[in-house]
Structures are given as structure tokens and as C-alpha cells.
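Visitor: I'd like to learn how to read the place where two chains meet. Could you walk me through one?

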There are 4 protein chains.
Amino acid sequence: MNEDRRVGVWLVGGRGSVATTAMTGAAAVAAGLAEPTGLVTMRPPFTDAGLVGLGDLIFGGHDVVETPLAIRAARLVDDGVLPVGLPGALAGALEAAESEQRPGITGREARIEPQASLARMVSDLNAFRTRHDLGRVVVLNVSSTEAPVEPHPAHENPAALMDALDQNLAVLPPSALYALAAIETGCAYVDFTPSVGARLPAIEALAEAHEVPLAGSDGKTGETFMKSALAPAFAARALKVRSWSGMNLLGGGDGAALADPARAQSKLDSKGRLLEEILGYPVEAPIYIQDVRDMGEWKTAWDHVVFEGFLGIRMKLQFTWEGCDSALAAPLILDLIRLAALALERGESGVLTNLAFFFKDPAGTREHQLHRQYEMLERWVLQKVAA
Amino acid sequence: MNEDRRVGVWLVGGRGSVATTAMTGAAAVAAGLAEPTGLVTMRPPFTDAGLVGLGDLIFGGHDVVETPLAIRAARLVDDGVLPVGLPGALAGALEAAESEQRPGITGREARIEPQASLARMVSDLNAFRTRHDLGRVVVLNVSSTEAPVEPHPAHENPAALMDALDQNLAVLPPSALYALAAIETGCAYVDFTPSVGARLPAIEALAEAHEVPLAGSDGKTGETFMKSALAPAFAARALKVRSWSGMNLLGGGDGAALADPARAQSKLDSKGRLLEEILGYPVEAPIYIQDVRDMGEWKTAWDHVVFEGFLGIRMKLQFTWEGCDSALAAPLILDLIRLAALALERGESGVLTNLAFFFKDPAGTREHQLHRQYEMLERWVLQKVAA
Amino acid sequence: MNEDRRVGVWLVGGRGSVATTAMTGAAAVAAGLAEPTGLVTMRPPFTDAGLVGLGDLIFGGHDVVETPLAIRAARLVDDGVLPVGLPGALAGALEAAESEQRPGITGREARIEPQASLARMVSDLNAFRTRHDLGRVVVLNVSSTEAPVEPHPAHENPAALMDALDQNLAVLPPSALYALAAIETGCAYVDFTPSVGARLPAIEALAEAHEVPLAGSDGKTGETFMKSALAPAFAARALKVRSWSGMNLLGGGDGAALADPARAQSKLDSKGRLLEEILGYPVEAPIYIQDVRDMGEWKTAWDHVVFEGFLGIRMKLQFTWEGCDSALAAPLILDLIRLAALALERGESGVLTNLAFFFKDPAGTREHQLHRQYEMLERWVLQKVAA
Amino acid sequence: MNEDRRVGVWLVGGRGSVATTAMTGAAAVAAGLAEPTGLVTMRPPFTDAGLVGLGDLIFGGHDVVETPLAIRAARLVDDGVLPVGLPGALAGALEAAESEQRPGITGREARIEPQASLARMVSDLNAFRTRHDLGRVVVLNVSSTEAPVEPHPAHENPAALMDALDQNLAVLPPSALYALAAIETGCAYVDFTPSVGARLPAIEALAEAHEVPLAGSDGKTGETFMKSALAPAFAARALKVRSWSGMNLLGGGDGAALADPARAQSKLDSKGRLLEEILGYPVEAPIYIQDVRDMGEWKTAWDHVVFEGFLGIRMKLQFTWEGCDSALAAPLILDLIRLAALALERGESGVLTNLAFFFKDPAGTREHQLHRQYEMLERWVLQKVAA
């Protein structure tokens, strides 16, 4: 029954820093070359949940970039993201994943020939599944952030959406085409980006119709993770947050993508919602993202929080969070793959609200408090095991 | 039945900044002159718990200092702790509390004539209760931090302890004598300081014997509050904390008291325990307290947290917490008074472990995670109401 | 000869926070009610330079706002900028200044009737000088930041500029009209804002022609002040600055004005030039200004500096600067008034490059190193005294 | 004449991180494998001063540690101090230096057999000079910080000191014995540590008598470097510094050495003097050093500066400085060697006050302002060249 344990993983943005770190890391932990630090599902109580082993993941992916994984991994060593020597020790795993990379959908293709693009994705996913004789496949999007989608009536209705594609209308961004391809081929779909493609009502309806699980969106790796831990503390102490300003410096591809104000808007929207949800009142909470090329794979967030205490006195919390984006995202991606595979195994379909713990903008729920999200996750994983 | 609602509050350290802020604030909120910001028990779900009203608190206290409350309050206005004009508007309340201040026990008295000191405290408390015809009285210690107690066999056993006092042996610091006086006169006793006096086994046993509730110790107002919110987030994400250094600058009386290394040790001990309890492994976590007279009533804590993420990469969180100590402590004190009065009303005795939310070093429990402490508090307050 | 010592001061933006703080502070220091903290010219060696006394300044001004100075001063007390009681103690001085406030030029007036606006300013200045029988008058601009000026050929040439005004062409923003009025009436003109109006070549030529001194621009009060002190230290140690990101949170009127991207550009331009000038190589140095209304009169800048040391190792300096904008600007304004009055006394005309110490974007020089600017200032003040 | 250009460098603490980084770096820069970042003397105007080339330095040293340089260098690669591959590429240079390491003086030897220890050092230095036929030798102390010296009358007088040594009295710590050995053998002596050994009056007198130059003490690498750049800025702006608290976290050997309160005192003394010297008034300026083993070769300093501005308003500067101690110190050491060699060439003797730029506690001068120290250095190097 070893065959059954294997799970196919198809990463959109499969040649990016995050994907490369995740694949290298999965192989490293499976081989005993690294500790499972940062992997939530490798700690109790999740260790007893029968989740797929990291060594049983078969990786493939789409990307519009052509840099081979081995070269990307070497760069990540130079940037201090991957330990020296690790990519060499895992050359076989990287080669295997490299052989499963296929050309992704460009923005131009999504506009000009959406139907052909979708068909190509579907074909690639089916071929991947067949080639490896895979029961379960998880598609996870870690590509660059897209600009917000232009609203269109077809977004609201599955039939209208399929019609529009049949007419080759440019109504969907690449992320939505990937999501559709996953749904049509019976794969789970996880959106780790703030791109809104997979959040359209028509897509959610199609996922339910095809009985496929969806999860998203926008991986919660840094500043928002901190916010979701700290804001509940202010609420519990009845301290009134007056302003919470968040300034983010980031380099690498992500910084450049977000230097485009339209794309940044997707990110900011997904970061901005949680304070009011947690605190119960509106807060002046500007967020800004600055591209600093020099920072490479690293990001620093500075948050400046002014709060009011007893008798109206003003006090302050400031924090800086200095992290490596790929190293923060990669283990969450592996956790999500394992959990989405569990949902597939259980036959769950539609939006997986109980994975809110991992997302800045959790689909299907307004729960933003980190500890409550963790409790939801625990309950979901364990209750089902018990059943 | 209005008489029954009143609760006597006896503050040890009754002329200090914290006590003065608490008394002024209680009167201000009761009079509608200030919002109940920072008061946990003035928010849902605690608003339905039938807790004593802030206007029904009758204040008195012991102090070794003689500065009248009105003068202390004026200084707190100068230091920006109390709003301009507030002490004047509440002059009546401050005068009433001033008339109930009595001389406290000095360190010398505790050593030389402990029995007489204890008798004096008992007499003061009984007279206070009689004078105001009070059913319930809460004694709360907000005096300066004491040096750790020299161990003595009598600390372990109630009978031995009472014997030692009968022989006028110097086995107890002032804080323990205050606790004893509270216990003997049927008052609840809350220790808001890190002084270990009230944490001795003999005292806990006496509280149970006299059916009096105890709570403590060391109010969680700043850096530790942050730690108890943040450390669970690191644990939930399987991020490994490698070092957590906390440097505290504080002025005012508290800074000066803690400049004495022996006293600081009490504080550091009570701050140092929680990381390992929450994370489950030992962490290099130095804590340092620096007296900076210039900071007056304010304190700034800087915490420098190095953690390890995926594949061993090191990342960093740093925060500064800039707060006014008295403004942070005062509402917690009022919350604790209301909750201790509830325990008296319910006839609970011994250590109130469900008040852990308020303390750096919660008596009777190892639960340090802020959100779990909050849940304990909620359950305790509401479940009893239901019963 | 006491008459001769008096100097008229005409503040453009005369009812703003900065102007009100400067006028109140001048009166307070003159009356011995406050120390001269922050006043560079009240310390040696400038105390021997025979500068005008703060008590000999006669204040007036233009503003488009109508809030009386007394009300503005009361608000500044509420915001913690002015000490409680000070405006009351100096009511006479504030009333005198209030009686010398005149309506300023709106943006609309500058576009529609520039010539009439200019004539009105000239008339107001002449009347002020006559009313008080003043030998020397300094006009200083502390109004809100303007958007950058649309380039126009008339900006390059005095004759063309006067022609354009004669034809009522909208070629000048209000700041330039104020500068022209000062020049035409023989007043010194100091630009404390980043508005480029007074920096046009035609205006500088007119100042020389009328033998009037000019100084500017953009008062160096916070982040840039820090940069001009720190960047020379990196240079002296041969440490290579790789990126220097500056994020600024500010409230009050200034924050709102700079929320307008066009106006912010003026500010950013004037802040961005100095790093390359000091270090000698281009640096990735983004600057961002965020309006946070909640911050009121306060601003916090966070700077994140990555530098390279020996053998290419990367290290970091981060700082936060938390200041009250008006309190930082006001003493510099008083210093500039005293120094511009000195230039008038000496008959100096044209751009006063030796006042670079006070400006983010010093006119007439590329010297940005704080200590060199200070030496220039010292030399200029003292050498002339000696002569 | 190539022979004449060579300079012998004898490092006390020759196997430590700082010495290893300095030697590796000198070879790397000389070989064109690294940029001279951080080397002050490799930038104009010092490039024209005819200083010894980095490739003409011959390294040797004393140490009580026996770990070979190659192993130490490999560890520094692991810790991110040295670039991967660099020690391998420079194996020859490291081997040459390794062959010139000799056993240092332990604390015990300094107490029990000071005379024999001194004789051994003298012999080692003479042999080194002879072996390489060196005209000029510079001895530089980068060993661990010593505890302050117990005062002794012999410290004041050269004759008394030599007498005491003849009698084998334990009056000198190792650092002083190394200084004496340098002086007796005609070497320049530079103290890069806060150890006070070489600062005794008797030693300074002996240096003058032997016509040998001395420089020191305590290399200014981080927090104090920042202070010496920032404090003059506060002074220039007449802003009153009220408190300046400096908290330092450091790992590695230095952290452990300074965890010993007696040794830390040496460091704190040398850091504490400059604020009052620069500002002209006493400032509450606590400094604390915390050993955090986890930080390895890195250190983070947090400085919290409260200053008073116009009308007494309080404002704040906070900074964190995150640096690698060895990388900060190593280039300064190479600069000092080149400059001490210049002093030898010129026949200068006694304390080199013009090297204050490099030291926390500059010998022979109270000038602490960084830019003035830089000007002193420039003048000294260039004026002499001109002469």
C-alpha cells in the first residue's frame, strides 16, 4: 500500500525561491539532513494524524521562468537561504523535480488565448498524474502576486464563466486558469498568493461541483502573523489601539512585483482586514511595501503601534521582524500540501476554512486570531481522525 | 441592599503612584469622567458577571511614606500619568482615601517586632471594616519589591510560623505580615508585587484554614505580557526560539528599588519562568533591569529574539514596549479587586489559580499562555455565575 | 539706539503650529520663563556675535487660515507641545502678534490674480515696517508644502518673470509671490519649506539685484538631520552603505499635506540628495512619508541602513527618531531669523550658503555633512564679527 | 629597497577571531581577492601617505590558546565572518602566520613569575625580528579584556616598576608585560583592548625613554563609534541629552569575558567617558553588557536616548547596531598597524594622541568627537608627509 501514500504536488511558480526552498527542504527533512523546524504538521498533535510523509511527495510545476532548479538552489545558497552543500546532497531530488517543470501561462496568453491555456494546464496535470500513477494531487500557487482582477459578470456564475472561456474572452488572470485546471482534473487547489483569481464565486462554485477542496489565500509569514498574535492581546487587556502602521521593506522578486502599485494593492487588501475583525472597531492602520533590491531574499517589517491605556494615556509598541521570505513560506507550503492531501483523502470539497491559520486573508472565515485559528486547525485535523 | 454591594479595598503601598492612579481612576470612571480603557472586567463578557461597581469601592491603605495622596496625584499630573484637572475634580474621593491611610510596617519593624507589627495591621484592618460596616474587604499589595526571603523552616508549616512570631523571631518580611493580617481578619489577599512573602507554604495553608482567597503574584504589565502573547505564536509555528534577551529601562520608585540587585532578583525570577513553560525547551533568556531616574513614571523594554526557521536559518524579532507603569498596573488592580471580591462573595478560599492572566508568576499554575489564561478567567467568572 | 536693535519678523503661515510655537517660545525665553534649549544661536560661540535679542523681535504674518493664535496655542498645550500655562502667561505677546496677522495668498489667487496678490503682500509688508518703524524685516516661510512648480521659461529670467506677472500669467506659486514681495520691500527671505518657489533662478537674480539676502530651503529637523550626522561616520570608516530606507510617520497638518503625492515629491526630492553627496557613490535610498492622523503633532521616522564591512560582511543600523515637529522647527526658525537679521545688518545679499546647517536642501552648496555645515556657520558668524 | 618596506606585526591574542580575521583579510586584500572595505587608510587622502602595503606585513603572535589558525578560520567561515573558500585560497599565508605563534603569558604566570614571563616575551620578539630581518615591528594587543589592575605605587614610576619586577612582585597584568616587552625591544605598541595595563604612567614613561610609540586604547567598533558621531550632533543643535542608555548583547569569547563583572568594568569605564566630554554636562548614561552565547560572533547594541528640545519637550532617539565584532575590529587593526609603522618610520615616540579616531578611550586626549578625531588623523598623517 506504499503506492497509496504518495501525493503529487504541482507548484505554480515551481522555479521560484519559495518553491525551490520547499522542495529542497522536503527532501532534506525526509532524508534526515535537517530538523523539521517551522513545520507545524511535524509537531504534536499533528504527528499522529497520518499525514503524507515528506518523502512521499512527488513534485512538478508550472513556471514562466526557465532558470533550472539546480541554478536557483545554488543562488539560494549564496543568499544564505539554503545551507552550503545541501543542494548538492539532494541533487537527485532536484533533478526529478526539474524534469517535471512545464511552461506556465503568461499574462499575455491568459488574455489572448485563455481557453488554449487552460487546456494546456489540464493536459499537463493529467499527464503528471498518469506518469506517476498518482491518486491524489495538490496544486499550490506560489507564483508572483497579480494585479487585482477587473470585475466581470462571468465571475459570479460557473456557467457564464465557462461560456466566456469558450468565447476566448479575457476574463480570468493566470491564477484563476490554474485553479480551474486543478478543479477540472480533480486536484486540490491552494492559493498561497494574494492574487484574487481563485477567490471568485464562480470558481468556488465549480470546486464544490467537482468536489474538490480549495484553500487560501496569501500565506501569513511575517508582519500579519505578528499582528494576529498581538492584536488579540490588546483586545484581551481592553487596551485601545489608536493606530497601527506597518512599513515593509522587501527585496527579491516579491519586492519588485509589489513595487507595481496595482499588484501591491492585492497584498495590502489582504493584510488590512484583520485588525478591525479582531479588535471590533476601526483602526487607522496604513500598510506600505517598499522594494529594496539590496535586501535580496530578506524582508524587514517595522510596525509602530500607538495604544491608549488607563485614563487615556498613550503608549507604544514597536517591533521589527527580520525574516527570510522563502524560509518562512516554505514550511507552511509543505504543511498545506499535507493538509490538502488529507482533505482529498477524506473527500472534503469546497473551501477549507479550518486552514485559516496559514493565511493572511483566510477564505470562508473572519477568524483572524492566531490562537483561535490554531484551535480550529487542531480540531479539524484530530476530530476527523477520531471519526 | 445597596450596603451589601460595597467592598473595602486596603492597598499596601497606598500612597504610591500605582495606588493613587488606581483610586483616582476608579473614581473617574465611576463618575463618568473617563472611559474604562484597560479595565478587562468592564468589557463583555465580564459586564454581566455582577461584579462590584467601581463607585462602591471604599479605599484605605498602609504605607511607610507620608506624602498625602493629593500631592502625589498632583505629581502624577506633572508626569503625564493623570489628566490635567482630574485630581481636582475628584478631590473628595482622594480626601476620603487619605483619611484611611495608616503607617505601614518598615523592614526594621518586621525584623525587630514582628508580632506587634502584625497586631497593628490586624487592628487597622478590623477598625476599617467596622468603621465602614463592610462585609467584604480585599487587601492588595502594591508596595515596593522586597529582596528575596531568607529560607526558614517555619515557612513550611503554619503552626511553626505562628510559634516563631510568638517568639518575635524575624522570619517574615513585611509582605508576609500584611498577608497574615489579611488572612486573620477574613480579607482576600492579592499580591501584585514579586515579593515572595505571600507565596510561603505556611501562608497558603493558613489562607485555606481561614477560608480566605489568595491571588498573585507580580502584575503582568509590560514585557512579560508581550512574551506571554508572542511565545505561543512561535510555538504554534514550530519556530525555534534560540535566545530571548530582555532589557528594561525604568525610572521612578520601581527603578530605584530594582537597582538593588537583591530585590531585582525577585523580579527576574518571576519573569524568567514562562518561556520554557510555553515553549517546552530551555531558552537562553537573560533579563536585565536598569534604573534610569530620568524616565520617571515611564519604562521602555527592548526585547531581542533570535529564532531559527526552516533549514536552520536564523531570523529576528525585536520589539520595544514604551509604557507608563502606573497606568498599566492601575486597571489590573481594579480588575483584581473586583474579582477577589467575587471570590469572597462565592466563599472561595485558597489560591485563585484562574487569575493567572494578571500575573507574571501566577500562583498555583504553570499556564503562561495569555490566551489560555484569558480562557481560564472567562470560564471561572462565567461558570460560577451560571451555577 | 534701542530702536535699532528691533527686528521685524513676518511669518508666512503665521498661524500654524510651527509659527505659534516659535512666537510663544521667543517670548518665553525672552521673559526668562524657559531655557533656550534647541536654540543654536544662544550657545557659545554665537552668544558673542551681537545677534538680535529674542525680546526685540516684532512678529506678524500672512496665513490663509483664520484660527486666532490664542486658540492655536491652547491646542498646542493639549497636544503636549507647549507647557501648560505658558500661553496664558504670554497672552500679551500672542495678542500683539495676532493683531499683525493678515490674509495670505490662496492657490487660487496665485493662479488668477498673481499681480494683485503680489501687490497686496508688498503693501502689507510696507505697512508693517512703517507701523513699527522697523529698519530690518525678515520674512520666513513656514506654510504648508506646495506641489512642485510647473516649469516655465519665465522662471529663468527676472525681466521675463516680471513681464509674465504684468500679464497676470499663472507662472508662480504662492511661495514665490511671498519671496518676491520680500525682495521688493527690502526684506530678507528665508524658506523653511521644501516648496521650490523661492529657488527659481529669476528670484535669486532679483534678490541679488535688490541686494536682499535669501536662505533656504526645507528645515532640517529630524531624519535628514540624523542622516547628515551619520552618513559622514560611515564614510570616515570606509564602511559601504548598501541601502538606506527611511519611513516617516507623521500626523498633523504636515502629514495631511504630504499625503498628496505631488506635495510629498517636493519633500522627498529635498531629502534624497544628500547621501550620494556625502558618500560619493549612489545608494538605494527610498524615502516614504505616511500620514497617520492619530500622531497629531508628532512624527516617528524609522531608518533601516544596511552596510557592508570588511570582506563584504553585511551589517545593520536601524534607528527611530520620535519628535515633535513644531518643537524641532521652532528654535531653528528663531536662529534663522537672528542670522538673517545679521546678514541684513552686514548688507549681505543673494543666497546665504553658510546657513546650510539648518536645511535639508541647502541653497547654493552641496555640503551636507552636519559638522562641516556647523563649521561653515561658525566661520561666517564670527569672521564677520571680527572684521 | 623592498626589504625596507616590510613590517613585522606581532598580535597578542594572535589566534583569536579578530586576529584571524585581520590576517586573512590583509592577505585577501593584498591578493586582490577582496575590496578594502572598512580600511580607512586605503581611502584618500591616506592612499598617498606611503603607508606599508598589506602584502608587506609579516604576522606572528602570542596566545594562551592553541587552536591552529586554519581551524579558527574554518569556524569563522561557519559563523559567516569569513567568505566561504577564502581561508583555503590563502592557506599559505595562514600557515606562515601559524608558524610564528608562540605561547602567551597566563594570568598565573604574570602573578608568579613576571620577570621570567617578560624575558620570554622579549626573547620571542627579538627572535621574530631577527628571523625575518625586520626593521620595524608593531605589537598589537587583541587579547581578551582583563580585569582592572589593583593599584600599586610601582605603577607611577619606571624605576620602581623595574625594581618590583626584579623582585618578582605581582604588580603587572599580562597586558602590561607585553607592553614592556615591546618597549624593551623597540617595537611600537598598540592596545586595542580596554585592559589598562599599557596605560600606567610608568609604562608611558618607559616608552618615551626607549623612544617607542604607544597607541590605545579599546578599539571603537560599534556603540561608542555611533555615540561619537551622534553626540556632537545633539550638541551642535543645542538639544539637551537627558539620558543615554546603552544595552549590549554579545556572544563569542568577548561576551563570556565580559560576563565577568570585573572585566566588564574595564570596558564600561572606557565607554562611559565620552558623553560628558562631548556634551559638556553630566548625563545619566548607564551601559550594560550581556553575554548571549547564542549570538556567536555577532553583537547587537540598543541605545535609548531621551533628549529635551524647545520649551522642555521630551523626544527620543533609539538605535540598534547589529555588527560582527571581528569584521568591525579587523580593518581598524590593519589601519593601526600601518599608522604605527609610520610613527616608527618617523621616529615618533610616546603616546600617539592623533590616533584617537580608532579608540573608545583615546590615550593622551579628551577629544571624542568623531569628525574632529578624523581631522586630527588626517592632519597628522599628511602634515608629516609634507614635512
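Visitor: How many salt bridges are there between chain B and chain D?

Guide: A salt bridge here is a side-chain nitrogen of Lys or Arg within 4 Å of a carboxyl oxygen of Asp or Glu. Between chain B and chain D the count is eight. One of the pairs is K316(B) with E322(D), at 2.6 Å, N to O.

Guide: Some ground rules: this is a predicted model, where local features need pLDDT of at least 70 and side-chain atom pairs count only at pLDDT 80 or more, while totals for chains, interfaces and linings use all residues. Residues are numbered from 1 along each chain as its sequence is written, chains are lettered from A and ligands numbered from 1 in the order in which they are written, and side-chain values use heavy atoms, with hydrogens and water left out.

Visitor: What area do chain B and chain D bury between them?

Guide: The size of an interface is often given as the accessible area lost when the parts come together. Here that's about 2,000 Å², with 54% of it on carbon and sulfur atoms (accessible area with a 1.4 Å probe, summed over both parts). In chain B, the residues losing the most area to chain D are E284(B), D294(B) and W302(B), together 31% of what that side buries.

Visitor: And how many residues of each chain are in contact?

Guide: Contact means heavy atoms within 4.5 Å. By that rule, 23 residues of chain B touch 23 residues of chain D.

Definitions and conventions
Buried area is the accessible area (1.4 Å probe) that two parts lose on being put together, summed over both.
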